[in-house]
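Please keep the sequence and the structure in view while reading.

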Amino acid sequence: WHESPDKAEMVPVAVAQHPLSNIGRSFHNFHQPKTDEYDLTPFTGQGLFFQEQWDHAIKVDPEFVFVTGWNEWSAGKQVMGEDISKDLQRWNFYPGAHLGKAGKELRPGDNYFIDQYNQEYSRDIEPMKGGHTDNYYYQLMANIRRYKGVSEPVKAGEQNTIDIRGSFSQWDEVSAIYYDHIGDTEHRNSPGDSQAGPYINITGRNDIVECRVAYDHEHYYFYAKTNEDLTPGTDPNWMLLFIDTDQSKSTGWEGYDFVVNLEVIDDQHTTMQKMTSTKRGGKAAGRPITLSYRKEGNELMIALPRQYFGDEYVGGFDFHWADNLQKIGDITDFFHSGDHAPDRRANYRFTY
């Protein structure tokens, strides 16, 4: 409180607390579920504690929400001394801490952690590999939207017929514009902490910065612009366009019903294929549909006949651009390979 006790200025929102207080990501309804041999619970990836914190903050509606935390995977091991109480007093959250680690009793000589002990007791919202992936990232995004509001959805505008063999200036009249971050294809070669790493990723290739969609009675037209000139269409997994025609996660693969450009025929023709789920992920299936496209400099446009979108189409679809994926049909590859518009496994929505 700053101005008055009746007006909250700031409310903190945490992903979890500490292993010593035994309040992890799974804590909810005033209870920390029992942990297994790795000090995890069946709920570690579900954001139960994080959501309770957000619900309270949004109810209070303060001027600021202070979210903790981000990039907190480094764990500092401590060794318990003979005087346990005295050892714990040097940490500023004492005496709120229990004399234990993740609910287990601490004894002199035991190793213990004050902060980032493991996945359950980490406050890191960053996406992770081999665990909750980007669950907390999207939970953060969804709650920020609840707290701050969102802008108006992109408007489809009037119909526009695009001549795929014509000039790219045709797109100047299209109002359905979607933007993506610039510079997120930079290659990585970073040392890790202690024996971890190095972390190397050189999959960044075409940096997608802008997308547009147009339509008429016969076609949907897709446009993509990159920060620099596009690489050749013969490159593997070049400028893939994933489309969710019915906006349903239950159809296709991860909701995507079609993929475009998985097989590029020549410099004027490409393909669209259906996506299907398998036990190991997803794959393209069925006979490829030939499409017309054009590439010039840093711009690309493709025409898709509307007839392939099916009768279930109800005035909107979702789409996602991806360049240089390394594992087709593995959704976790969206998190770290190539470039995506929008980022990770999010989609743009086209509605009219």
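Is Asn237 buried or exposed? The model under discussion is predicted. In this model, Asn237 has 19% relative accessibility and therefore counts as buried, since buried means under 20% relative accessible area.

## Backbone features

Asn237 is located in the loop between S11 and S12. Its phi angle is near 50 degrees, which is a positive value in a residue other than glycine. Arg344 also has a phi near 50 degrees, again a positive value in a residue other than glycine. The position of Arg344 is in the loop between S18 and S19.

Two cis peptide bonds may be described here. One joins Thr68 and Gly69, with omega at about 10 degrees, and Gly69 belongs to the loop between S2 and strand S3 (77–79). Another runs from Ala341 to Pro342, where omega is near -5 degrees. Pro342 lies in the loop between S18 and strand S19 (348–351).

## The nonpolar core

How many residues does the largest nonpolar core have? It has 31 residues, and those with the most contacts inside it are Phe222, Leu304, Phe317, Phe319, Trp321 and Phe350. Several strands each supply at least two residues of this core: strand S10 (208–215), S11, S12, S13, strand S15 (281–296), strand S16 (299–305), S17 and S19. The largest share, four residues, comes from S10.

## Aromatic pairs

A search of the whole structure finds 27 aromatic pairs. One of them, formed by Trp171 and Tyr223, is tilted, with 5.2 Å from centre to centre and 35 degrees between the planes. This pair links distant parts of the chain, 52 residues apart: Trp171 is in the loop between helix H3 (135–148) and strand S7 (177–179), while Tyr223 is in strand S11 (residues 219–226). Trp171 counts as buried because its relative accessibility is 1%. Tyr223, at 4% relative accessibility, counts as buried too.

The rings of Trp253 and Phe334 have centres 6.0 Å apart and planes at 70 degrees, so this pair is edge-to-face. Trp253 lies in the loop between strand S12 (240–244) and strand S13 (258–264), and Phe334 lies in the loop between strand S17 (316–323) and strand S18 (339–341); the pair therefore ties together parts that are 81 residues apart in sequence. Both Trp253 and Phe334 are buried. Ring pairs also link Tyr178, Tyr215, Tyr220, Phe222, Phe309, Phe317, Phe319, Tyr348 and Phe350 into a cluster. Phe222, Phe317, Phe319 and Phe350 in this cluster are also among the residues with the most contacts inside the largest nonpolar core.

## Charges over rings

Where does Arg344 lie relative to Tyr137? Arg344 lies over the face of Tyr137, at 4.3 Å from the ring centre. Arg25 is placed over the face of Tyr136, at 4.5 Å from the ring centre.

## Salt bridges

The count of salt bridges comes to eleven. Among them is the bridge between Arg205 and Asp235, whose closest N and O atoms are 3.9 Å apart. This pair links distant parts of the chain, 30 residues apart, with Arg205 in the loop between strand S9 (199–201) and S10 and Asp235 in the loop between S11 and S12. Arg205 counts as partly exposed at 22% relative accessibility, and Asp235 counts as partly exposed at 21%. Arg205, Asp235 and Asp323 are linked in a network of salt bridges.

Glu254 forms a salt bridge with Lys249, and their closest N and O atoms are 2.8 Å apart. Glu254 is partly exposed at 28% relative accessibility, whereas Lys249 is exposed, with a relative accessible area of 55%. In the salt bridge of Arg294 with Glu296, the closest N and O atoms are 2.4 Å apart. Arg294 is 25 residues from His269 along the chain, and their C-alpha atoms are separated by 8.1 Å. His269 itself is in strand S14 (residues 269–278).

## A nonpolar surface patch

Which residues form a nonpolar patch on the surface? Met10, Phe64 and Phe66 do so, with about 330 Å² of accessible area together. Phe64 is part of strand S2 (residues 64–68), and at 48% relative accessibility this residue counts as partly exposed.

Conventions:
Residues numbered from 1 in each chain as written. Predicted model: local features only at pLDDT ≥ 70, side-chain atom pairs only at ≥ 80, totals over all residues. Heavy atoms only, no water. Patch = residues over 30% accessible without salt bridge, like charges linked within 9 Å, V, L, I, M, F, W, Y side chains within 5 Å. Areas by Shrake-Rupley, 256 points an atom, 1.4 Å probe, with all protein chains shown as cover. Salt bridge = Lys/Arg side-chain N within 4 Å of Asp/Glu carboxyl O. Buried < 20%, exposed > 50% of the residue type's maximum accessible area, 1.4 Å probe, protein only. Phe/Tyr/Trp six-rings, centres within 6.5 Å; stacked < 30°, edge-to-face > 60°. Lys NZ or Arg CZ within 6 Å of the ring centre and 35° of its normal. Core = buried A, V, L, I, M, F, W, Y, C linked by side-chain atoms within 4.5 Å.
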